[in-house]
Amino acid sequence: MIETIQVWLGGLFSFLAHLIDQEPLIFIRYFWLFFFFDLPRHLLSGCIVFMIEIFSPDRQLQLDDRREVIKRSPLVSIVIPAWNEEGTISQTVSSLEEQTYTHNEIIVINDGSVDATNSICQRLSRQGRIRYFSLRERSGKSAALNYGTQFCKGEFIVFVDSDSFFDSDAIGNLIGHFNDRRIGAVAGNLRVANSHKNLWTELQSLEYLLNIGLGRRVRAWMRILSVIPGAFGGFRASLVRASGGHDPGPGNDSDLTAKIRKIGMRVVFAPDAVCFTHVPASFYGFIKQRLRWSRCLVSIRIRKHKSVFNPLHRNFSSSNLLAASEPLFSHLILSWATLFYIVDMVSNFPLIFPYILMANYLLYLCSSFIEALIALALSDRKREDVSRLIYLGMYHPYIWFHKMVRIVAYIQETFLFSSYRDPFAPKKVRRNMESW
Amino acid sequence: MVDSLKSPREKPGFLLLGSVEDVNSVPQHPEFDILLHHREKDQARLRIIGVISDDPAVIEDMICRVRGDCDLALIPLVVFSSIKTSSPVMADGIYPPVFNPQILLGILKEWEPLREKIDKFSSLSENLSKREKNRLILLRYLILRGVKKLEPKRDIHSATGYSYPFARMILNAAPYDECEADLKIMENRGLMEGEFVDTVHLCCGCGRYNLNFREVCPRCRSANLAEERNIHHFRCGYVGCEAEFSGMKCPKCRRRLKHIGVDYELPSVSFRCIDCKEGFGDPLVACLCIRCGKDFPVEEAVKRHIQGYTLTPEGKRYAWAGREEGAVKSESGLLEFGVFKEFFSVQTAIAERTGQNLSLILVRGGSTGFSDKVATTNTPDTTHRLAEVMRKTLRGQDVMTASPAGGVLALAPETSEDKAVDISRRISNAFRGNLGDTPVVTFYEYNGISLEEVMEKLYAPEEAVERVHTT
């Protein structure tokens, strides 16, 4: 075993030494995926955001502006759809009751739960802690959210998941961003609540820190943020109603965000509005979730909102085009590019392919390490996030595996319209959903 | 109850209650006497009671009076009336108002077996309070009349909406809650067994059942609510109240809704307060007491179980014996006189063998107004009060009983004359300010005579060894 490793390492070092003697073009030929796709997408953009966040002259001004909104103290309606959430709904409500921003109402919608969710929520309602509404049968998350929206009295609506917990200043920090009248929606900063459960959750936690957390900062700065997460996102109530609320089916959060953007409103990210949410702890659960997310790219962004790509359309805007194009590039194209890269290397450099792979691993490890340092610098939980760095060694194999899952999802959705069979929406709704 | 043995020379009595003309119209019979009034000396020979009237209210009133009297409650009662109705509550029979002597004799003989059964019950102890006597009479009534279960009946005049009509009569309980309290006491003592019949909700203010339960707005407590059905359109996911779907068109996507269950569903009902416009899923349920006007949440309503009662074996034993099995103490915690006599015998034997002293102390109403406050000192209530005060003064080894001649008699073992004086003074002082009066306390140091002789001396004012007065 040790001898084998020694042989491989020896081969790798020889390969690297050989590269040093080569022209730069050869270097790029071997590692074009990294240099043309991942390096600009992750590392360069991360560095730019870091510089902007740290050295922004308007930082204090922005904070003061946000405090003005909080001083005005508009009513915020927090809508929680719940389906069989007897284990977490009480904690979610308690977490929201602890918010420093107190002028809020909590609305819980029971989406036909068959466990003790109903009795728990009735008790909370009798105690005057929530406004509670119940649907007799499961109608799907979108219907539950729309039902709750009907009873919202607040100027702003915050949609959260029923298994999420929040920093005490999360709502206040979220709402503060509505100081700018051009802002229609604000995305909260998601972190993983069950990160220590197993390796899968640790890796997902790292992904939330790097790809999702840092990535959203980048997109928000570039004004191309295209998803307000369903687990924690704030909207102007008037816009939610004007846009018709949530449409049924998976991807309802990206769909609503797209509609908000089409109205002409801006969408921003609140890194200081922190929400902890649960991620799938099992391999199968992870696959199911990522397949659903990835299918939405095709069904929602390409099919349903294809008008954003049409420059002649009346709703066309360049920022919406970029916002819609970015995930196509970073998810769809990059995933296929990764597959194409592997095929390219295997077919053109079969003898040194293992060393190319190992060298890629080292490159990505260095890149993600720098990315992690940037995320740490911007994090408000540095001690906790430092401990995640020990999983960096497994991070990029995890990401490459995730890309393969995405490819499967894109094929499923393109040829089989699999999202219309996703149990995210109940059958009675799926049968009637509009197909794009 | 008075000794049930009657003289063989006394004719049985037929007590008639009614108007003077009705009663006087009834002829005498050689084999029985028509009694027009109830007197204690006639108790033993009183075999049956007849109520003569055609007025149901009068009949009911007379029955109430009879059944509420401990001495008469168990005696067979028949009604003579020309009104054709089912037997009134608590009447044993109804007959046409024909007062042929032979018919009356036949009625008397018909109910004689029941009357003889009453004679088999033991007499009521004098130590029993009036309420306890009524409870005992009720138990005996249930046995005699073969009533298996005391069922509650709906009664709009009762605080709980239920009452026990004939239990109330016998318990002489004018307030409904006293009757229920008596039944509960008997249940707690194991004499009756309660069985669930119904649950009632009572006002937390006045305790009555007259509640109006209504749905109110959780925000402003108004009862002016509108109920809205909600429609969920599957295609676009819109959920809104029915009013928004005018012409069955979805307000979001403008498509027509055609088939329920296929295009859309009615997933819920919500409410809207017409006064404050608040929308909510479930209204609060509030109670308004019609009687006192108190408005409160339904959770604060007092829940009370209404029970039916059956006699337990212990209850039957108690009814026959007149006291609970194994009980040596009366209701007021005093020893039964028979038990006291036994105790006296044992203590006197010990005193004679060991040479120790033994004293008896009698406390009863005095001459300076104490007796003015109560009719006699022999009422159980007075005895109870005397016993309470004395218990605090006497020692643990001293025992007390209610003397049949009145007052409370205490036996103090290992007590010489000097100590008896001291105890007596302490008892007198204890009464001062307690009952606000001056009882008479006499004591006697035992010197070998019987208890009856001791009691004669204690009661005879001239022959008491010492009398202690309090000023």
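Two residues count as being in contact when they have heavy atoms within 4.5 Å of each other. On that basis, 29 residues of chain A are in contact with 29 residues of chain B. The model is predicted, so to speak of local features a pLDDT of at least 70 is needed, side-chain atom pairs count only at pLDDT 80 or more, and totals for chains, interfaces and linings use all residues. Residues are numbered from 1 along each chain as its sequence is written, chains are lettered from A and ligands numbered from 1 in the order in which they are written, and side-chain values use heavy atoms, with hydrogens and water left out.

The size of an interface is often given as the accessible area lost when the parts come together. Here buried area is the accessible area (1.4 Å probe) that two parts lose on being put together, summed over both. Chains A and B bury about 2,000 Å² between them, and 43% of that lies on carbon and sulfur atoms. On the chain A side, R136(A), Q150(A) and N432(A) supply 25% of the area buried against chain B, more than any other three residues.

Next comes the inside of the protein. A residue is called buried at under 20% relative accessible area, exposed at over 50%, and partly exposed in between (1.4 Å probe, protein chains only). Of the 471 residues of chain B, 48% count as buried. Helices (H or I, at least four residues) and strands (E, at least two) are DSSP runs, numbered from the N terminus, and chain B has twelve helices and 22 strands. Among its contacts between residues at least 6 apart in sequence, 66% join residues at least 24 apart.

A nonpolar core is a set of buried Ala, Val, Leu, Ile, Met, Phe, Trp, Tyr and Cys residues joined through side-chain atoms within 4.5 Å. The largest such core has 67 residues, and those with the most contacts inside it are F14(B), F80(B), L138(B), L150(B), L183(B) and M192(B). A second, separate core of 45 residues includes F37(A), L203(A), Y364(A) and A372(A).

On a 1 Å grid over the protein atoms alone, a cavity is a set of points where a 1.4 Å probe fits but cannot get out, and lining residues have an atom within 4 Å of a point. Grid points are joined across faces, edges and corners, and a volume is the space filled by probe spheres set on the points. The count comes to four cavities of 30 Å³ or more.

The largest cavity has a volume of about 130 Å³. Among the residues lining it are S226(A), R261(A), R301(A), H305(A) and N320(A), and α11 (252-263) and α13 (318-348) of chain A each supply at least two lining residues. Ala, Val, Leu, Ile, Met, Phe, Trp, Tyr, Cys and Pro count as nonpolar, Asp, Glu, Lys and Arg as charged, and the others, Gly among them, as polar. By class, this lining has four nonpolar, four polar and two charged residues.

The second largest cavity has a volume of about 70 Å³. Its lining includes K141(A), L145(A), F159(A), H246(A) and D253(A), and divides into six nonpolar, three polar and two charged residues. The largest share, three residues, comes from α11(A), while α7 (141-150) of chain A also supplies at least two. Helix α7(A) is mostly covered, with nine of its ten residues buried; L145(A) and Q150(A) are among these.

Most residues other than glycine have a negative phi. S73(A), however, has a positive phi near 55 degrees; S73(A) sits in the loop between α4 (59-72) and β1 (76-82) of chain A and is partly exposed at 28% relative accessibility. K277(B) also has a positive phi, of about 70 degrees, in the loop between β13 (264-273) and β14 (279-280) of chain B, and counts as exposed at 56% relative accessibility. Y264(B), in strand β13 of chain B, is buried at 11% relative accessibility. Leaving aside residues up to four places away in sequence, Y264(B) touches residues including I231(B), F234(B), M248(B) and L257(B).

Key. 1 Å grid on protein atoms, 1.4 Å probe; cavity = no way out; pocket = protein on both sides within 12 Å on 5 of 7 lines; lining within 4 Å.
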